[in-house]
Amino acid sequence: MWHYRFGHLNFKDLSQLHIMAQGIPQLRQMTKNCRECLECKQPRNAFQKFVPVKSTQKLEVIYSDVCGPLQVESLGGNSYFVTFIDDLTRMTWIYIIKKKNEVLRIFKKYKASVEKCSGHCIKTLRTDGGGEYTSKEFAEFCDEADITHEFTPPYTLQHNGAAERRNRTILNMVRSMLKTKKLPHFLWSEAATTTVYILNKCPTKRLKGVTPEEA
């Protein structure tokens, strides 16, 4: 039941939650595997690690990636989502969009929100070389905001591994939740935003003893 409540979170992280949050019992490893997890979380070969970034401040390095188009449009007619991940805290933000050309508008909105809330400024943005990130308008905005925009080389998605892995995790949990409750695929956007809400309150390998939201 707790595995379902936390969007099919892996048992290693799930077993640590009783230390970080009130009201969650100490959980033991399940004796059998979750069928939906086995069907929906088939991984590819592990990425080779890129040169690690040792951020010392919030928003010092932000990873971003666009996922889509998904096969089924959401209730609002959306086919994509874009994520932003803070390297230091591993806090994730998700925005559901209809087209890739909305990414710059969303990034401006995201930047204004997180900088106001945290008191820090975005210093580096790391993305792939997709057209939504390489436009002249995007470059001009980064120059005006004094943001270093780093691009990963072509066909080396592992160099933006944090965003790639997080998007894969989101999709895995979305598929698992929809399949478990036999819900229609067009509810993927609601499941995706719920997944990010859950992940921000769950342990990560990068942080010790705190969740991304707390960090």
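The model is a predicted one, in which local features need pLDDT of at least 70 and side-chain atom pairs count only at pLDDT 80 or more, while totals for chains, interfaces and linings use all residues. Residues are numbered from 1 along each chain as its sequence is written, and side-chain values use heavy atoms, with hydrogens and water left out.

Helices here are DSSP runs of H or I with at least four residues, and strands are runs of E with at least two, numbered from the N terminus. Val103, Leu104, Ile106, Phe107, Tyr110, Lys111, Val114 and Glu115 of α5 are buried. Seen down the helix axis, the buried residues fall within an arc of 145°, so they line one face of α5; the arc is that of the directions from the axis to the C-beta atoms. Buried means under 20% relative accessible area, exposed over 50%, and partly exposed in between (1.4 Å probe, protein chains only). Lys109, Lys116 and Cys117 sit on the other side of α5 and are exposed. The cover over the buried residues includes β1, β2, β3, β4 and α6. Just past the helix, Gly119 takes a positive phi of about 80°.

Six salt bridges turn up in the structure, each being a side-chain nitrogen of Lys or Arg within 4 Å of a carboxyl oxygen of Asp or Glu. Asp87, Arg90 and Arg206 are linked in a network of them. Arg90 pairs with Asp87 at 3.0 Å, and Arg206 pairs with Asp87 at 3.3 Å. The latter pair links distant parts of the chain, with Arg206 in the segment after α8 and Asp87 in the loop between β2 and β3, 119 residues apart. Asp87 counts as buried at 1% relative accessibility, whereas Arg206 is partly exposed at 32%.

Leu207 also lies in the segment after α8 and counts as buried, at 13% relative accessibility. Leaving aside residues up to four places away in sequence, Leu207 touches Leu88, Thr89, Pro212 and Ala215, contact being heavy atoms within 4.5 Å.
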